[in-house]
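Please have the sequence and the structure open while reading.

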Amino acid sequence: MGSGIAQVSAQAGWDVVLRDVTDEALDRGIGGIRASYDKFVSKGKLAAEAAEAALGRITATTDLDAVADADIVVEAVFEKLEIKHEIFRALDKIVREDAVLASNTSAIPITKIAAATERPERVVGVHFFSPVPMMQLCELVRGYKTSDETLATAREFAESVGKTCIVVNRDVAGFVTTRLISALVVEAAKLYESGVATAEDIDLACKLGFGHAMGPLATADLTGVDILLHATSNIYTESQDEKFAPPELMRRMVDAGDIGRKSGQGFYTY
């Protein structure tokens, strides 16, 4: 997700620092960005010169201090609060006082993330969707202490990279989009787990009956069953609402490594 955010930002003219923990991870990220640009070029949607210029605006590094002069920092690490706290505590000591600290979290309350900093008013949720270059939505989330100025800066950034924004004004776990998709995926997985219908028929019902472009189980495979399991678990832990309690099937799939398209097996075989 981080490389996708870097890609659209660089393409929009931003100078980008892409930071990861290993050189190997950075190589994969830059390689993915280059491959995506090449695809856009081959389809005539991006000039080759523009693609090269965008790549030239991305600096890859393992040094977190490299973000010291950034206007906005977008964190996109794994969905565990402890890891995000570690990152935000470090960023709080590194970045400028006027910098915006944004999290790409899909489910963890922004107020909880901001609590690791001395500037909760400068922390905001900026939730992109995968694949970032293709998905038009960005969900902006106001934490309990997020200032109007911070929210406005986040919107300006998201719109500058071509996204349409919705605003979540109350910092509930899962926000708007993840609560909706989690409830749908959990119910679809329960129907499949109990043998009510096949995965194909459950998805077909949503596509032909409700006009969805993709069914919930195919969506889970695309997003990653592991990612959705963490998201739904976070929402359930926070809300204690049973409709977000992930079924045993999802936990066993993750235990077995059947996490969707990226592993070759999820609710479907790829």
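In α7, the residues Thr178, Arg179, Ile181, Ser182, Val185 and Val186 meet Leu228, Ala231, Thr232 and Ile235 of α10. By class, this contact of α7 with α10 divides into six nonpolar, three polar and one charged residues. The structure is a predicted model. The points below start with helix packing.

**Packing of α7 and α10**

- The axes of α7 and α10 come within 10 Å and cross at roughly 105 degrees.
- An angle from 65 to 115 degrees counts as roughly perpendicular, and α7 and α10 are therefore roughly perpendicular to each other.
- Thr178 is found in helix α7, and its relative accessible area of 5% makes it buried.
- Leaving aside neighbours within four places in sequence, Thr178 is in contact with Ser106, Ala107, His127, Ala231 and Ile235. Among these, Ala231 and Ile235 are also listed on the α10 side of the helix contact.
- Leu180 also lies in helix α7, but Leu180 is exposed, with a relative accessible area of 60%.
- Leu180 and Ala50 are 130 residues apart in sequence, and their C-alpha atoms are 37 Å apart in space.
- Tyr236 has its place in helix α10, which covers residues 225–239.
- Not counting residues up to four places away in sequence, Tyr236 touches Asp241, Glu242, Phe244 and Ala245.

**Packing of α8 and α9**

- Helix α8 spans residues 199–210 and helix α9 spans residues 216–223; their axes come within 7 Å and cross at roughly 105 degrees.
- By class, the contact of α8 with α9 has six nonpolar residues, no polar residues and one charged residue.

**Aromatic pairs**

- How many aromatic pairs does a search of the whole structure find? The search finds three.
- In one of them, the ring centres of Phe128 and Phe157 are 6.4 Å apart and the ring planes are at 80 degrees, so the pair is edge-to-face. The cut-off for edge-to-face is a plane angle over 60 degrees.
- This pair links distant parts of the chain, with Phe128 in strand β5 (residues 123–128) and Phe157 in helix α6 (residues 148–160), 29 residues apart.
- Tyr192 in helix α7 (residues 177–193) and Phe267 in the segment after α11 (248–256) are 75 residues apart, and the pair links distant parts of the chain.
- Tyr192 is partly exposed, with a relative accessible area of 31%, whereas Phe267 is buried, with a relative accessible area of 7%.
- Trp14, Phe128 and Phe157 form one aromatic cluster.

**Domains**

- The chain is divided into domain 1 (1–61), domain 2 (64–171) and domain 3 (176–263).
- Domain 1 and domain 2 have their C-alpha centres 20 Å apart.
- The contact between them takes 14 residues from domain 1 and 18 residues from domain 2.

**Gly2 in α1**

- Gly2 is found in helix α1, which covers residues 2–11.
- The relative accessible area of Gly2 is 26%, so Gly2 is partly exposed.
- Gly2 touches Leu18 and Ala76, not counting residues up to four places away in sequence.
- The C-alpha atoms of Gly2 and Ser160 are separated by 17 Å, and the two residues are 158 residues apart along the chain.

Key: Residues numbered from 1 in each chain as written. Predicted model: local features only at pLDDT ≥ 70, side-chain atom pairs only at ≥ 80, totals over all residues. Heavy atoms only, no water. Axes fitted to C-alpha atoms, helices over the stretch in contact; angles between N-to-C directions. Helix = DSSP H or I, 4+ residues; strand = E, 2+ residues; numbered from the N terminus. Nonpolar A, V, L, I, M, F, W, Y, C, P; charged D, E, K, R; others polar. Phe/Tyr/Trp six-rings, centres within 6.5 Å; stacked < 30°, edge-to-face > 60°. Buried < 20%, exposed > 50% of the residue type's maximum accessible area, 1.4 Å probe, protein only. Domains from an automatic or database assignment. Contact = heavy atoms within 4.5 Å. Parallel < 35°, antiparallel > 145°, perpendicular 65-115°, else oblique.
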